Structures are given as C-alpha cells and as structure tokens.
Amino acid sequence: MVNTEFAVIGGSYAGLSAALQLARARRDVTVVDAGLRRNRFVDEAGGASHGFLSRDGMAPGGIAAEARRQLLRYSTVRWLDGLAEDASQREDGRFGFRVGEERVEAARLVLATGVRDELPPVSGLAERWGRSIFHCPYCHGYELEAGPIGIIAASEMAHHHAVMLSDWGTPTLFLNETYLPSDDELAAFARRGTQVEAARIVRIEGVADVILADGRTLPMNGLFTQPRTHIASPIAVQLGCKVTQGPMGAFIQVDAMQQTSVSNVFACGDAARGAGNLAMAVADGAMAGVAAHRSTML
Ligand SMILES: Cc1cc2nc3c(=O)[nH]c(=O)nc-3n(C[C@H](O)[C@H](O)[C@H](O)COP(=O)(O)OP(=O)(O)OC[C@H]3O[C@@H](n4cnc5c(N)ncnc54)[C@H](O)[C@@H]3O)c2cc1C
C-alpha cells in the first residue's frame, strides 16, 4: 500500500511538470506512468520533436527521459511504472486506485493521462504515423521542405489543414469520400492554393505516396490528417470529473487553475485541453502542480 499526499497519474510532459512543482515545494508526490506517450511513434521512427523552446529537434523520448531524471533527484518523489486503474473517492475525501497489485491512496490527484489518437482507416496510414504522417503542421510541417503535402480528410476538420498548409508547401486535400466542402470552403482553398482530389484513397505507399482508386499515384513529401482523440484513461470519468466535447474529441473540463469539477482533482496536458503540444502540456502541468499545492492551504 502506497500512502501519498499527491498522486500524479501520467508521467510524461504534463505530469512531470506538475510533479516538479510539488517536489520543489518539498511535498510527497507519487508519479504513476504506463509509458505510452502520445508521440512515441516519432521515437520509433527515429524522428524529432519540434516547437518546444530550447528542445527543438530533440527526440521526444529524450526530452521526457531528461525531465524524469531531473525530477527523481528530489527525495520526496516516488515513481511507479504501471497503469493506474479503478479510481474512487473514499468517504473521508481521499482518493484510491490500483497499480497492478499495489493499492495507492492520495489526498490530491493530478490527472495527466494524455489522449489516444483514433486514426482514419486508410491502408498504410497507421504504420507511417509519426514518421511521414502527422496531425500538427507546427510540429512537423517545416521539415517537409516546402514541397507537396497531402491532407487526408477524416472529417470536416480537414478544412483547417486545407487553408493552413500552403504556408508549409503545396497542399492537396484528399477528400477520400469523407468530407464534402461547401462552395465557400472550396473558394477559400483556391485562394490558399490548395488542390482538391475527390478520388478515393486505396492506400499509402513508400514515404507518402497516395494511391488513388482511379489508378493514379500522387507522391507527397508528407501527409496530415485529423485523428479523433480519446482521453487515454477512464479514471477522470470514474471519479465523476466533467468532460467537454471538443471538435477533435472529449477532454477533461478544468478551470484556469487546472482544477476539475471534482474538488482536489486537477488535470493537465492533452487530456485537459482541446488540442495541445509539449509546451502547452508543460505549462498546464506547472499550473496544476502549483494549484494542487496551494489547495492544501485553503
Ligand atoms: C505523431 C505525433 C507527433 C507529435 N509531435 C509533436 C512535436 O513535434 N512537438 C510538440 O510539441 N508536440 C507534438 N505532439 C503532441 C505531443 O505528443 C502531446 O501534446 C504531448 O505528448 C502531451 O503531453 P501529455 O503529458 O499531456 O500526454 P502524453 O505525452 O501522451 O503522456 C501521457 C502519459 O500518461 C500515461 N497514462 C495514461 N493513462 C494512465 C494511467 N491510467 N495510469 C498510468 N499512466 C497513464 C501514458 O502512458 C503516458 O505516458 C505530437 C503528437 C503526435 C501524435
């Protein structure tokens, strides 16, 4: 049985950042992490993370590993590898959950579980996710060398990529029988220099070659799409935290202090915002850690 003052569930960028604030306040904090960062596919491809100040171009796993190494220098930090499950709140207000055979109880929780991406069912897409197919142009657009860039429509959200991506190259929007743009949208795409392809995609080959049902192959430097996101753990819902539906998927509802709708439960990172990245996860995590600490004085 682990009895802790603060439990941080999710030990990636947001959770590490929250735990660091608590550790620096000399508080007892237990971090539980299942080791499935959202961007792990970039590491598997030997790629780099971009856009996080002072860490631009580093491997995403390297950034997380260095943050964890620095956090574990604080003597009040305990780390548990594994999946936190079956969370509940006791009558005395404390929270409990299980990590394998271990029972953990905490006075305050920080949920930093991230999200899971549900990719569109296009043959050849999943194995190129994080390698040559991405969702965020700010993270991976620059490296496509201002060349041909494809957008695989997965919903009407493809509209955003279709008007943005000409800043990163020459975009082609593949409607793939999932999205019918309005006349106004088509006019906006034309203004931004985005070509539109109506033919169904059969599969992706090579780096990012798009094979169409009419027999044509359109080679791209890279591709973007719009996955649906799902909060990676049911723990927030188990505890009764309110969730909000965003355009890409549900996320945990928080206030400006990262406080959820359940007292003494804080949430941060991708799990608690409509769309995020490393910098935002780290900022939210710092706020969650500070707010969780300050809540002990109220
Ligand atoms: C392909 C791809 C490329 C990306 N590239 C970039 C980029 O270049 N730059 C950038 O800024 N952003 C990038 N991102 C976005 C970035 O990955 C996320 O914004 C960031 O990882 C969010 O951090 P987080 O800490 O909220 O969640 P995550 O990093 O996803 O970490 C959540 C952690 O919580 C753990 N967890 C979940 N549930 C439980 C549980 N019940 N018990 C224990 N542990 C649990 C998970 O295993 C995981 O370790 C990319 C995303 C993808 C998909």
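Between which domains does the ligand lie, and why? Domain 1 (2–116 + 228–297) and domain 2 (120–225) both give residues to the shell around the ligand, so the ligand lies between them; the domain bounds come from an automatic or database domain assignment.

The model is predicted, so local features need pLDDT of at least 70 and side-chain atom pairs count only at pLDDT 80 or more, while totals for chains, interfaces and linings use all residues. Residues are numbered from 1 along each chain as its sequence is written, and side-chain values use heavy atoms, with hydrogens and water left out.

**View 1. The shell around the ligand.** There are 35 residues around the ligand, and Ser-12, Asp-33, Leu-36, Ala-84 and His-140 come nearest. A residue is near a molecule or strand if one of its heavy atoms lies within 4 Å of it. By class, the shell holds 14 nonpolar, 16 polar and 5 charged residues. Here Ala, Val, Leu, Ile, Met, Phe, Trp, Tyr, Cys and Pro count as nonpolar, Asp, Glu, Lys and Arg as charged, and the others, Gly among them, as polar.

View 2. A backbone N or O atom of Ala-84 is 2.8 Å from a nitrogen atom of the ligand. Oxygen atoms of the ligand lie 3.0 Å from a backbone N or O atom of Arg-38 and 3.3 Å from a polar backbone atom of Tyr-13. A polar contact is a pair of N or O atoms within 3.5 Å; within protein, one must be able to donate a hydrogen and the other to accept it, and residues adjacent in sequence count only if both atoms are side-chain atoms. The ligand taken alone exposes 1,000 Å², of which the protein buries 98% (accessible areas by the Shrake-Rupley method with a 1.4 Å probe; for residues, only the protein chains shown count as cover). Helix H1 (13–24), strand E2 (29–33), helix H4 (137–140) and helix H8 (278–295) are the elements that give two or more residues to the shell. Helices (H or I, at least four residues) and strands (E, at least two) are DSSP runs, numbered from the N terminus.

View 3. Strand E4 (residues 84–89) and strand E5 (residues 95–99) run antiparallel and are joined by 4 bridges; two strands pair if DSSP finds at least two bridges between them. Ala-84 has Val-99 in E5 as its bridge partner. The hairpin has 5 residues between the strands, and Gly-93 in the turn has a positive phi of about 95 degrees.

**View 4. The open sheet of 5 strands.** Its order is E8-E15-E9-E10-E11, with parallel pairing. Strand E8 (133–134) and strand E11 (195–197) stand at the edges with a single partner strand each, so one side of each has no neighbour in the sheet. Strand E9 (residues 148–152) pairs with strand E15 (residues 222–225) over 4 bridges, and the bridge partner of Ile-151 is Phe-224 in E15.

**View 5. The open sheet of 3 strands.** The order is E12-E13-E14, with antiparallel pairing. Strand E12 (201–205) and strand E14 (217–219) are the edge strands. E12 and E13 are joined by 4 bridges, and Ile-201 has Leu-212 in E13 as its bridge partner. Their hairpin has 3 residues between the strands, with Gly-206 at a positive phi near 55 degrees. Strand E13 (residues 209–212) pairs with E14 over 3 bridges; Ile-211 stands opposite Thr-217 and Val-210 opposite Leu-218.
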